[in-house]
Amino acid sequence: MADFDLAVIGGGLNGVSIARDAAGRGLRVLLLEKGDLGSGASATASPLIQCDLRVLERGRFGEARRALVERDAWFRAAPHQVRPVRVVVPMDSPLRPIWLWRLGLAVHDRLSADRARPRSEAVDLTHHRLGDPLKRPFGLAFAYGAGFADSPRLTVLTAMDAARRGATIVTGARCIRADRSDIWRIVAVRRGQREIYSARALVNAAGGWLGTVAETVLRLKPPRIRLVLASQIAVRRMFDHDSAYLLQQGDGRLVQVVPLDGKVTLIGSVARPFTGDPAHAAVPAADALWLTRAANRYFREQLEPTDVIHSLAGVHVFDASSARTASRGEGVVRLERTFGEAPLLTSFGGDTTTARRQAETAMAALAPFFAMPGPWTAQAALPGGDVALGDVGGLVDGLQARWPFLTRETVRRLVSSYGTLSETILEGARSRDDLGPDFGEGLSGREVDYLMAKEWARFADDVLWRRSSLGLTMTEGRREALAVFMTTHHASAEARPLQ
Ligand SMILES: Cc1cc2nc3c(=O)[nH]c(=O)nc-3n(C[C@H](O)[C@H](O)[C@H](O)COP(=O)(O)OP(=O)(O)OC[C@H]3O[C@@H](n4cnc5c(N)ncnc54)[C@H](O)[C@@H]3O)c2cc1C
């Protein structure tokens, strides 16, 4: 008998979503991630949870409707982490006339499942603070509703839920070989040690490494995929409100400008073909320059390449056999089975918004192999997302009253990351000293302990870039102090599933 029903290679959002769905249906699940959870493309996905407007533009209304349903599912699953955001589109391009935007957003609103969500609206930028940071010629804009979330954070929350439902999540474990018979025999290397597992079915969710895993680990013909490098840049805060902008460029491309955590603004993305190892992906100087110019066409504050404080490069996967090249589509799930041999499922593409649904499609493909119940994730909360009546502001107020020595900013950050689980971190603390070392930005030793014990954090970067976005603002000295704390304070960084 195999150790597991299902083994998943890859701890990006696609892999953890499948692990969560399968574990919730009672399957014995193993997930192997070579580095940290969400450290591949999922670390670099845009923070906007939304229907890609280019999908609407191409008349793919079913797909647009499904994306809007998924946007609302994220609001329900993680109200602490996914907050509503308004996206403002200044009217500028002769490529897309005003009537087209008006019509498109009317359809967007009609397709939206949750009637309680704010409708899209026209904004007179000359008399609205949303127009303040923009150059004068921009008079009219349309604004529509999206969600804002940190994609690596959603990846970790999804993995936690999978673990809570019984999945075994192993990070720092590179799968080097998988042999197929009526079961899969899987070899992984973890901290220099070989580990062997067996599973009845295998999922390749290795993102940009998908082809390499197919060829070198599974020794099969790789799927027909195309790799694309998507680049984003971060600069100091460009405006003092929390709406985002979608900027039309002369060639039809759209660039998002999104405020992060009140201190930093993210601008992206621009894409180009990629070959090689995604681990070495970096933002080309030409792309950083193009992004600053894209913003400069609209904003009064003019950016120089030297204003870039951080850049994000992600290698994403396209289906090369699909004609849908201009937008990502809904992702690909392929099942391969040969009589007498264990099944192999490959899942890639899609986006943060639709990852839950893509996992459901994967489970539907695997249904003939397992006796298991039907879909369940559409209504289920992620860890910390069980906020009473979705009242996140009330949760912040409650925590602030119980732990008055914390700054409002810290309480807000804790609630946005951990929701109702914030109490687990703060429990018993009567003063700031009870929370251990202070790494700045409200990050305490107690919080780092929690991340190492419950969220698979092993290194400072795991905490600074994938459990939070504190890496954007934390000083070099504090980062070093955090790294020293994490290596010396903990002999072992094993994560245990939440009880
Ligand atoms: C051009 C483009 C732009 C995109 N932009 C966006 C966007 O703005 N917003 C958005 O939501 N989505 C975007 N996407 C989609 C996004 O890439 C994916 O939806 C999302 O990041 C899920 O990625 P993943 O889990 O498939 O891959 P990844 O996040 O890359 O995860 C794969 C994981 O597999 C692991 N792995 C690899 N090999 C092994 C091995 N041998 N053993 C163990 N583990 C291994 C890696 O370490 C990695 O963590 C874009 C896609 C494209 C094509």
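Before the first helix pair, a word on terms: a helix axis here is a line fitted to C-alpha atoms over the stretch in contact, and an angle between two axes runs from 0 to 180 degrees between N-to-C directions. Everything I show today comes from a predicted model.

With that, take helix α9, residues 392–402, and helix α10, residues 408–418. Their axes come within 10 Å and cross at roughly 125 degrees. On the α9 side the contact uses Val-392, Leu-395, Val-396, Leu-399 and Gln-400, and on the α10 side Arg-408, Val-411, Arg-412 and Val-415. By class, six of these residues are nonpolar, one is polar and two are charged.

Next, the second pair. Helix α12, residues 445–454, packs with helix α14, residues 476–489, at an angle of about 55 degrees, and the axes are 11 Å apart. This pair too is therefore described as oblique. α12 passes α14 in a right-handed crossing. Gly-445, Val-448 and Met-452 of α12 meet Leu-482, Phe-485 and Met-486 of α14. Five of the contact residues are nonpolar, one is polar and none is charged.

Now the overall layout. The protein is divided into three domains: domain 1 covers 4–42 + 152–224 + 327–379, domain 2 covers 226–320, and domain 3 covers 388–489. The centres of domain 1 and domain 2, taken over C-alpha atoms, are separated by 29 Å. Their contact takes 10 residues from domain 1 and nine residues from domain 2. On the domain 1 side, five are nonpolar, four polar and one charged.

In total 38 residues surround the ligand, and the closest are Gly-10, Gly-12, Gly-40, Gly-207 and His-316. Several elements give two or more residues to this shell: α1 (13–24), β8 (173–180), α6 (210–217), β11 (225–236), β14 (264–273) and β15 (310–319). Which of the elements gives the most? That is α1, with three residues. By class, the shell has 16 nonpolar, 17 polar and five charged residues.

Staying with α1, this helix also packs against helix α8, residues 355–366, at an angle of about 55 degrees, with the axes 8 Å apart. α1 and α8 are therefore oblique to each other, and the crossing is right-handed. From α1 the contact takes Leu-13, Asn-14, Ser-17, Ile-18, Asp-21 and Ala-22. From α8 the contact takes Ala-355, Arg-356, Gln-358, Ala-359, Glu-360, Ala-362 and Met-363. The classes here are seven nonpolar, three polar and three charged.

Two backbone details to finish. Gly-268 and Ser-269 are joined by a cis peptide bond, with omega about -5 degrees. Ser-269 is found in strand β14, and β14 is among the elements that give two or more residues to the shell around the ligand. The other detail is Arg-191, whose phi is near 45 degrees, a positive value in a residue other than glycine. Arg-191 is found in the loop between β9 (184–190) and β10 (193–204).

Technical notes:
Residues are numbered from 1 along each chain as its sequence is written. This is a predicted model: local features need pLDDT of at least 70, side-chain atom pairs count only at pLDDT 80 or more; totals for chains, interfaces and linings use all residues. Domain bounds come from an automatic or database domain assignment. Two residues are in contact if their C-beta atoms, placed from the backbone, lie within 7 Å. Ala, Val, Leu, Ile, Met, Phe, Trp, Tyr, Cys and Pro count as nonpolar, Asp, Glu, Lys and Arg as charged, and the others, Gly among them, as polar. A residue is near a molecule or strand if its C-beta atom, placed from the backbone, lies within 6 Å of it. Helices (H or I, at least four residues) and strands (E, at least two) are DSSP runs, numbered from the N terminus. Angles under 35 degrees count as roughly parallel, over 145 as roughly antiparallel, 65 to 115 as roughly perpendicular and the rest as oblique. A crossing is left-handed if the near helix is turned anticlockwise from the far one by less than a right angle, and right-handed if clockwise.
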